[in-house]
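Dear colleague,

Please find below the structure that I promised to hand over. My notes on its cavities and on one of its sheets follow.

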Amino acid sequence: MMPFPVTTPGSQQTPPPPKRCGISSPISLAAPKETDCVLTQKLIETLKPFGVFEEEEELQRRILILEKLNNLVKEWIREISESKSLPQAVIENVGGKIFTFGSYRLGVHTKGADIDALCVAPRHVDRSDFFTSFYDKLKLHEEVKDLRAVEEAFVPVIKLCFDGIEIDILFARLALQTIPEDLDLRDDSLLKNLDIRCIRSLNGCRVTDEILHLVPDIDNFRLTLRAIKLWAKCHNIYSNILGFLGGVSWAMLVARTCQLYPNAIASTLVRKFFLVFSEWEWPNPVLLKEPEEQNLNLPVWDPRVNPSDRYHLMPIITPAYPQQNSTYNVSVSTRMVMIEEFKQGLAITHEILLSKAEWSKLFEAPSFFQKYKHYIVLLASAPTEKQHLEWVGLVESKIRILVGSLEKNEFITLAHVNPQSFPAPKENPDREEFRTMWVIGLVLKKPENSDVLSIDLTYDIQSFTDTVYRQAINTKMFEVDMKIAAMHLRRKELHQLLPNQVLQKKKAHSAEGVTLTALNDNSLDFSVDSEDGMSVPSPTSIMKTGPTTGSCQGRNSPAPAIMVASVTNVQVTEVSLQQANPSESLGASGESIPQAASQPALCPPPKPTVARVVSSTRLVNHPPRPSGSTATNIANPLVGV
């Protein structure tokens, strides 16, 4: 091949079109400058203290552990094959293999992180074999600890600790007589005639392998993803289960950025990441490749066919068949919070580019507990550590339902749940009890043409707790003394439950100017007020709930929770999404973000109007105001009604 194109007399040489990366042409093919290389090296040095890079010795230990596990799988499958009287020639080549996926397979795992693994077996090995004979084989291994099987999960799994490394092992049986060593799980034909649980188990590996296959430079992708994942965790927006994004979703956003800037290195890619997704026209989907139909009759994400897909607010579509939206948990509030963080990240990286800030500023955690004036605190408690672990997992998986209900209230602008949970003080120091709490920040909307705002949250909270208890009972998890409590705290009262080191951070701009005044034990009352103004100290409201039976409410059923706000002359400031530095905006840079052409922008469904607004003058009786200081007169928030 000649180094330069040759033109013949009379011919017109046209430049070749840019190579497509993903579903569109790149935005820029610019090569990195010297300043980009310097900034990338500074980024690496900034990341090191956070433990995002694993030492070579630890990495080799992981490789050795996976090799031992892989040998165990091969040995087990040979034993199963012999017990089922397969021909000796088949037994000798029957194979079996451990594949990895998730952060370890992507090459972005951190120190001490667990490993997601998949055991792939031939057609004569059943799932029941995996959860019986393989489980027993693991139990006998001296390096295996904390072994437990979760066979009834949506994606069944065996969890264990192998020589100090936590591993989750899924199982998939392929319609093959033997499992070759060079098996490529991206081959769609492997999905034919498979059990749906096997397809789900294969999905993690298939998606991870596709992501690595679709990025132009794996090393640049990995370093960028390490930075973005750390940033997301520091800013409390890393949690799929609570309606933010999980690891695979962040990986796909970074991969799309790499496709749009294929020659850029990490320092540039981090900045472009914030540029692209602060300007993205959601709910246009993020796609790494054109969806392919394989005629296997598996459900795929397609808003043209599935009406429910049209209501997804922030779709990020997995690249492997069957394509799914990895962000179906995202709500109006969580999307609003993430877009605000994207814009702030863009502003900070612009400062870094101009040498006005260091990379460390990007990873500074904002103070969630200074940002809002009002908070709802959820507490989950159980009498034993084992019950508490199961109970907390269930409660956490349902919190997004409560957030969704709060968002539909016409007087709540934002309900922001902090993904970080906290240990809660014991209700009774003399009794063994394990307690965990989550905190939801609220932004209230100033009512129009009214001096009093009343919000009844009884139904929202009772519906949430009923859902949790119902699932616990249906799955036979529920035990006596498993409890959920919901309470309201204003910002000044958070110290009652949270340690000072959590609260004493850089003070952020308040999201609204509302403070709590006294009502009765079962109600939440809000008066618009300045942070430093005079307000009446009051007991903290709490709602403790238990499972309800039929239409009758038991002793633990919550009394109505009523929020009442009296509007004063102080303006209520709602959350504003800060506009990034205009010099880095799309309009100034001239960059056009390619959206998915096949999916028109879809508006989310309108919020239903809350019809149940009660009058504070008729239904709320104010008790006598307590005297003394706020600190001494606020009732113990852990004493229930």
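A cavity here is a set of points, on a 1 Å grid over the protein atoms alone, where a 1.4 Å probe fits but cannot get out, and its lining residues have an atom within 4 Å of a point. The model is predicted, so local features need pLDDT of at least 70 and side-chain atom pairs count only at pLDDT 80 or more, while totals for chains, interfaces and linings use all residues. Residues are numbered from 1 along each chain as its sequence is written, and side-chain values use heavy atoms, with hydrogens and water left out.

There are 4 cavities of 30 Å³ or more, a volume being the space filled by probe spheres set on the points, which are joined across faces, edges and corners. The largest has a volume of about 80 Å³, and its lining consists of His235, Asn236, Glu341, Pro366, Ser367, Phe368, Lys371 and His416.

Turning to the sheet, 5 strands form an open sheet in the order β1-β2-β5-β4-β3, with mixed pairing; strands are DSSP runs of E with at least two residues, and helices are runs of H or I with at least four, both numbered from the N terminus. Two strands pair if DSSP finds at least two bridges between them. The edge strands, each pairing on one side only, are β1 (97–101) and β3 (144–150). Strands β2 (residues 115–121) and β5 (residues 165–173) run parallel and are joined by 7 bridges, and Ala121 has Arg173 in β5 as its bridge partner.

Best wishes

Note on methods
On a 1 Å grid over the protein atoms alone, a cavity is a set of points where a 1.4 Å probe fits but cannot get out, and a pocket is an open set with protein on both sides within 12 Å along at least five of seven lines; lining residues have an atom within 4 Å of a point.
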